[in-house]
Amino acid sequence: MARTDDLNKPGVEIPSELNGQVALTTLDRVYNWARRNSLWPMMFGLACCAIEMICTAASRFDFSRFGMEVMRASPRQADVMIVSGTVTKKMIPQIVRLYNQMAEPKYVIAMGACASGGGPFKEGYNVVAGVDKFIPVDVYIPGCPPTPQALLNGLITLQKKVDKESIKQVRWYQKGPVPEIPIPILGPDLIDPRKFDLIIQQTSIAPEVNPEGEVTHE
């Protein structure tokens, strides 16, 4: 359960007889206090790390203590995306689509070595070397797979990040809409639409032929 003491502004003393009845605080602290204790994760998993995520939600570790027990099957009702497992090139378009469908404010946790940087499959032809190549990540959790305690530590770290945010600076209160992330295109290989100009530039360079007749590319 969240403590009302978290609302009080540091450095301001409240008489003991008024503790629990009066709070001297700021708008940012009230706003962040409410959000940090009601972060709803999205209900989806990718690989073995998802088993550890399920264990964290079960009775032994029980992340409902942090107000996170309401795992939503719809991205439109979720606040946190926990990328739990190996991110393949076939799956990353769906992950980006789900991220775009989540409402602001939204956060991403990369759970495990695979989601953070590819893990033991980094050199695989079908694996994305880190989900942060396509969507922004707020918290990285190391391990293969991370334990439920590690995931709880990552969720607490996310709460601490929420505590430091200000309404004046967060992206969802800035003027203008927040642009969507282009969905990657899965063809013979994975294509990032944000790199179209670079791809066109590189493919338009004519190959050079050396004296031995071999074709070279700069």
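Author: A salt bridge is a side-chain nitrogen of Lys or Arg within 4 Å of a carboxyl oxygen of Asp or Glu. Keep that cut-off in mind. Note too that this is a predicted model.

Start with one pair. Asp-163 and Arg-36 form a salt bridge, and their closest N and O atoms are 2.8 Å apart. Now place the two partners. Asp-163 sits in helix H5 and Arg-36 in helix H1. They are 127 residues apart, so the pair links distant parts of the chain. The structure holds six salt bridges, and Asp-163 with Arg-36 is one of them.

Next, look at the two helices themselves. Two packed helices are described by the angle between their axes and the distance between the axes. H1 covers residues 27-36 and H5 covers residues 148-163. Their angle is about 160°, and their axes lie 9 Å apart. That angle makes H1 roughly antiparallel to H5. An angle over 145 degrees counts that way. The crossing of H1 and H5 is right-handed.

Which residues make the contact? From H1 come Asn-32, Arg-35 and Arg-36. From H5 come Gln-159, Val-162 and Asp-163. Sort the H1 and H5 contact by class: three residues are charged, two are polar and one is nonpolar. The salt-bridge partners Asp-163 and Arg-36 both belong to this contact.

H5 has another packing partner. Helix H2, residues 49-57, packs with H5 at an angle of about 75°. The axes of H2 and H5 are 9 Å apart. H2 and H5 are therefore roughly perpendicular to each other. The range for that label is 65 to 115 degrees.

Here H2 brings Glu-52, Met-53, Cys-55 and Thr-56. They meet Pro-148, Leu-151 and Leu-152 of H5. By class, the contact of H2 with H5 has five nonpolar residues, one polar and one charged.

Now set the two contacts side by side. H1 meets H5 through residues that include Gln-159, Val-162 and Asp-163. H2 meets H5 through residues that include Pro-148, Leu-151 and Leu-152. The contact with H1 has three charged residues and one nonpolar. The contact with H2 has one charged residue and five nonpolar.

An open sheet has three strands in the order E1-E2-E3, with parallel pairing. E1 (80-84) and E3 (139-141) stand at the edges, each with a single partner strand, so one side of each has no neighbour in the sheet. From one strand to the next, the twist averages 15°.

Notes: Residues are numbered from 1 along each chain as its sequence is written. This is a predicted model: local features need pLDDT of at least 70, side-chain atom pairs count only at pLDDT 80 or more; totals for chains, interfaces and linings use all residues. Side-chain values use heavy atoms; hydrogens and water are left out. Two strands pair if DSSP finds at least two bridges between them. Helices (H or I, at least four residues) and strands (E, at least two) are DSSP runs, numbered from the N terminus. Axes are lines fitted to C-alpha atoms, for helices over the stretch in contact, and angles run from 0 to 180 degrees between N-to-C directions. Angles under 35 degrees count as roughly parallel, over 145 as roughly antiparallel, 65 to 115 as roughly perpendicular and the rest as oblique. A crossing is left-handed if the near helix is turned anticlockwise from the far one by less than a right angle, and right-handed if clockwise. Contact means heavy atoms within 4.5 Å. Ala, Val, Leu, Ile, Met, Phe, Trp, Tyr, Cys and Pro count as nonpolar, Asp, Glu, Lys and Arg as charged, and the others, Gly among them, as polar.
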